[in-house]
Amino acid sequence: MGDAGNGETFVEARGLRREYRVGPSTVHALDGLDLDVRRGEVLAVLGVSGSGKSTLLHLLGGLDTPTSGSVLVDGRDLATFTSRERTVYRRTVVGFVFQSYYLVPSLTAAENIALALTFQGTVGAERRRQATEALRRVGLEARAGHRPSQLSGGEQQRVALARAIVHAPPLLLADEPTGNLDRSTAEDVMALVREIHHDLGATVVLVTHDQEMASRVADRIVHLRDGRLTKEEGAAP
Amino acid sequence: MLLALGGLRRTRLRVGLTALGVTIASGALVSMVAFALGIQAQAEAPFKALGLINVIRISPEKGDDAAALDDEALARIEALPGVEVAYPEFRVRGIEIARGEQKAKVMAVGVPRQVPLIGTADDLIVAGEYFTPGDAPEALLAVPLARELGFETPEAAVGTTVDLNASGLAPGDAETFTFTRKDLTVTIAGVYTLPSMMPGRMGRVVLLPVDVMKDIPGIRAAPALDRLRDGRGGAGAGYAKATVRVHRHTDLAPVEEAIQAMGFRTRTLLSRLEKMRTFFVVVDVLLAAVGTVALVVAGLGIINTLLISVLERYQEIGICKAIGASDGDLVVLFLTEAGIIGLLGGVGGIVLGRAASWLLELAVNAYARSQGLTTHLDLFAFPLWLLAATALFSVVISVLAGVYPAFRAARVDPIQALRRE
């Protein structure tokens, strides 16, 4: 495994609670969770479906707001952010990778990456250059003009990864990135995640239910169950 | 833009049908306004073509001490700032024009030799040219008259001579008039065509220089008779009427005022034309309103299409938010899509409106020809500003229609959107 972080806390969740109203009942997706993520480490969050993994990631990524509790990233409390600041936070600090890739089907691989750059205000030749560079980093330069439907699952996830890291975010959030991939492809993608982590020095929070995969790539593993952390394991061997 | 085009590309049929709705609406709008403009242009054409807009007709006041409308008065009027030309108005009916055995009774109208009859005279002269400087006895014939005199083409008439036979009363020294006949041989300098929608009888007109008209018998009888009726001597009578042409229509008011101050009556066509224009503005607005209603209905189609698009692309909207799109970005995205539909529809509408107008004009002209009308009727006018305004209006209406769907898209909760598979 690579760098285990420099010990400084980059992401800090305190008493994180997220409840959803589903009809007459209340679902406690996260139930008073405390978590520290050190700068530069790869943290795997393990848990079964419905344990609150994705909710945690959405809260860390500023896509959602907690019912109570706080998320501090680099010392700044996301709860104090305005809508505009949350958007800027998602643009500049966070890179998202999802299980279902979530590429825009009408756009080519290069255009999907360029789209993220557009939202960040990068345009023209510089946008093209950065998109090409991101595709080169994930080994898909030759597939720049292909649409998602013309790419395999592994290739689509690599494009999604390129899109997530094109702006060199300090925080990469990956939600079951290998959940839809076969073993061999999944290992390729995870190797890529490690490589990018190494090159960019990004802090990675990886949500998965695959214990073996988590052990192989993560510096640290935490277990999530019913919205609470139940166990923490140290750096993987 | 990429995302907007991609979104539209994915639902080509739906977007195509929506744009078709805008096309039909903007086509109706552009062709209806073009029709109003075309009819207005047709109605104004004779005035413009004959230079009547910049014309003041003057006549002497009645009464003993009324100023005489003579050459001296005309010279003073011509010296006024803004005046292009002032000349006596001569119209004499019943003049016989003959070319060998071919004869016709025509009306002779005097026009100034020194400047073209009208600003756009060159457009009306189909063969030959306007009068040459000097005092050569020349004439301009209307196309139907040239045909009546046996000229196969207008060009064949140019340079040939025709005989004019005029007769009338010439005022003597005191209270006597002499019946005089005069034969005049004139060279045809040119042949002119009449603006469309001019009354048919205008085809039997020969235009003569004012200096030639002065020699036509009977030309001065009417004002002399008027003076005699008023108890004054017949001698020294000026002209019954005169025409003053100004350079620009803005010169009309001051020149008219100055002429009135000289003691003459004035009459212009501009006031009548202004009333006509007001009427056409009302027609324009009414037709544009009908077209706008059609476009607003098409706008409802755009709202529908984009709302469906928001629902279909719910997840895509969530992705965009996750990768950094702001609410504003999504508003711009959907407004761009609406604008593209509007632009496509607007341009399509212009093409459709143009094509439909062309076909209609073709049919109307074919019918008009079957009814013996020889002039081509331009029923529709498509000035550049109308085309640009149609496209712009179509885009504006479409963008307005896109506002609600755009804000719906901006309000999408990214978490819910990403959860939807």
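How many of the 237 residues of chain A count as buried? The figure is 50%, where buried means that 20 or more other C-beta atoms, placed from the backbone, lie within 10 Å of a residue's own, exposed means 12 or fewer, and partly exposed is in between.

Before you start clicking, know that this is a predicted model, in which local features need pLDDT of at least 70 and side-chain atom pairs count only at pLDDT 80 or more, while totals for chains, interfaces and linings use all residues. Residues are numbered from 1 along each chain as its sequence is written, and chains are lettered from A and ligands numbered from 1 in the order in which they are written.

**Stop 1: chain A as a whole**

Select chain A and switch to a cartoon view. You will find seven helices and ten strands; these are DSSP runs numbered from the N terminus, with helices being H or I of at least four residues and strands E of at least two. Among the chain A contacts with a separation of 6 or more, 71% join residues 24 or more positions apart. Two residues are in contact if their C-beta atoms, placed from the backbone, lie within 7 Å.

**Stop 2: helix 5 of chain A**

Now select residues 153-165 of chain A, which form helix 5. Its 13 residues reach 18 Å from first C-alpha to last, close to the 18 Å expected at 1.5 Å a residue; the expected span is 1.5 Å times one less than the number of residues. Twelve of the 13 residues are buried, so helix 5 of chain A is largely enclosed by the rest of the structure. Among the buried ones are Gly154(A), Leu161(A) and Ile165(A). What do they pack against? Look for strand 6 (94-97), helix 3, helix 4, strand 7 (171-175) and helix 6 (183-200) of chain A.

**Stop 3: helix 3 and its partners**

Show side chains for Ala109(A), Asn112(A), Ile113(A) and Ala116(A), which meet Val159(A), Ala162(A) and Arg163(A) of helix 5.

Next, bring in helix 4 (residues 124-137) of chain A, whose axis comes within 9 Å of that of helix 3 and crosses at roughly 125°. That makes helix 3 of chain A oblique to helix 4 of chain A. Residues making this contact include Leu117(A) of helix 3 and Leu135(A) of helix 4.

**Stop 4: where the chains meet**

Show both chains. Here 20 residues of chain A are in contact with 18 residues of chain B.

**Stop 5: chain B**

Select residues 327-370 of chain B: this is helix 12, with 44 residues, reaching 63 Å where 64 Å is expected. After helix 12 comes Gly372(B), with a positive phi near 90°.

Finally, click on Asp65(B), in the loop between strand 1 (55-60) and helix 3 (71-78) of chain B. Is Asp65(B) buried or exposed? Asp65(B) counts as exposed because it has 7 C-beta neighbours inside 10 Å. Its C-alpha is 9.8 Å from that of Gly263(B), 198 residues away along the chain.

Note on methods
Axes fitted to C-alpha atoms, helices over the stretch in contact; angles between N-to-C directions. Parallel < 35°, antiparallel > 145°, perpendicular 65-115°, else oblique.
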